[in-house]
Amino acid sequence: MSHILNFGIPKGSLENATVDLFKKAGWQISISSRSYFPGVDDAEMNCKLIRPQEMGRYVERATIDAGIAGRDWVRENEADVVEVCEMVYSKVSRRPARWVLVVNGDSAVKGPEDLRGATISTELVGFTKRYFAERNIPVNVEFSWGATEAKVVDGLCDAIVEVTETGSTIKANGLRIVCELMESVPVLLANRASWADPWKREKIEQIATLLKSSLAAEGMVGLKMNAPADKVELITRMLPSLKTPTVSHLYNSDWLSIESILSEKEVRQIVPELIKLGAQGIIEYPLNKII
Ligand SMILES: Nc1ncnc2c1ncn2[C@@H]1O[C@H](COP(=O)(O)OP(=O)(O)OP(=O)(O)O)[C@@H](O)[C@H]1O
Ligand SMILES: O=P(O)(O)OC[C@H]1O[C@H](OP(=O)(O)OP(=O)(O)O)[C@H](O)[C@@H]1O
Ligand SMILES: [Mg+2]
């Protein structure tokens, strides 16, 4: 019997970053213009492009078995799905996206309580209403179709609740962040029945493991070197690693080989120290995945 997992790729801000991450994880997803059904080089998968705002709904209804969307939209829709894992990436960076309360740069507003009776424009209406209601601050929350920052600049509203990553849009419009309401990262969602199906669950777990291990390997490298036996203790003490560095014997020699995983940024500080301690034949190699 052939098995197929129907998988949702988020269309929009997370689309390219998600396809790039799948590529690192070992899946080639090809999106041709105007088609909402990307090709994938895995006979056990079918991909569909779905707006993250609707991903939770379609996963809940089993239109698709699993998919990736921002946790912000899953919370907004209160979708009844299994959250398999989170992955920290955004449109351009490896940082969470932040939903923030924003006003004009010259506004006197210092906190959410200063917005009693105000009109707030946002794409995230349900979450924003709940946020203010929980604090007993009466506000009028209006749905925005996008380009939300322009509305507070124009005086069409008193404040906005908007997603930000680099902060450049807020800065470019002369706006000011009052406070952060929520951080959001992409999450892998699964339909409850699909998660209960042994084959589908294993497939979803395979995808989760490989996506997460590809993210974990970013910015990390392997470092390998040879050292005389009497220097190994000092060298291993200064090497960071996932557990402890691996030490193995060189054939027909009293020298040892030492191997470790570390952040690429640490290498330039550590290598001169290793040489001083007597390490030789040092090699640095890239890592695709850390599992
Ligand atoms: N820089 C960013 N800007 C907007 N959304 C981001 C960004 N980084 C990550 N996200 C996440 O992407 C999702 C928004 O996806 P969506 O496709 O709705 O974006 P969008 O900005 O509305 O798309 P579009 O490209 O059509 O404007 C949310 O879950 C959000 O948290
Ligand atoms: O903090 P930044 O890095 O500047 O990113 C935030 C901006 O990115 C998104 O807009 P998008 O490009 O999706 O346009 P949109 O308004 O049409 O949704 C979001 O709605 C912000 O406007
Ligand atoms: Mg947008």
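Which side chains meet in a salt bridge at 3.0 Å, N to O?

**Figure 1. The salt bridge between Asp65 and Lys200 in the predicted model.** The side chains of Asp65 and Lys200 meet in this salt bridge, with 3.0 Å from N to O. Asp65 belongs to the loop between helix 2 (52-60) and strand 5 (66-70), and Lys200 belongs to helix 8, so the pair ties together parts that are 135 residues apart in sequence. Asp65 counts as buried, because its relative accessibility is 4% and the cut-off is under 20%.

**Figure 2. The salt bridge between Lys24 and Glu218.** The N to O distance between these two side chains is 2.7 Å. Distant parts of the chain are linked by the pair: Lys24 sits in helix 1 (residues 15-25), while Glu218 sits in the loop between helix 8 (198-217) and strand 13 (220-228), 194 residues apart. Lys24 is partly exposed, its relative accessible area being 40%. Glu218 also counts as partly exposed, at 26% relative accessibility.

**Figure 3. A network of salt bridges.** Lys24 and Glu218 are linked with Arg94 in this network. Side chains of opposite charge can pair when their charged atoms come close.

**Figure 4. The salt bridge between Lys11 and Glu15.** The closest N and O atoms of Lys11 and Glu15 are 3.8 Å apart. Lys11 is partly exposed, with 28% relative accessible area, whereas Glu15 is buried, at 12%.

**Figure 5. Salt bridges in the whole structure.** A search of the whole structure finds 15 salt bridges. The pairs shown in the close-up views include Asp65 with Lys200, Lys24 with Glu218 and Lys11 with Glu15.

Conventions:
Residues are numbered from 1 along each chain as its sequence is written. Chains are lettered from A and ligands numbered from 1 in the order in which they are written. This is a predicted model: local features need pLDDT of at least 70, side-chain atom pairs count only at pLDDT 80 or more; totals for chains, interfaces and linings use all residues. Side-chain values use heavy atoms; hydrogens and water are left out. A salt bridge is a side-chain nitrogen of Lys or Arg within 4 Å of a carboxyl oxygen of Asp or Glu. Buried means under 20% relative accessible area, exposed over 50%, partly exposed in between (1.4 Å probe, protein chains only). Helices (H or I, at least four residues) and strands (E, at least two) are DSSP runs, numbered from the N terminus.
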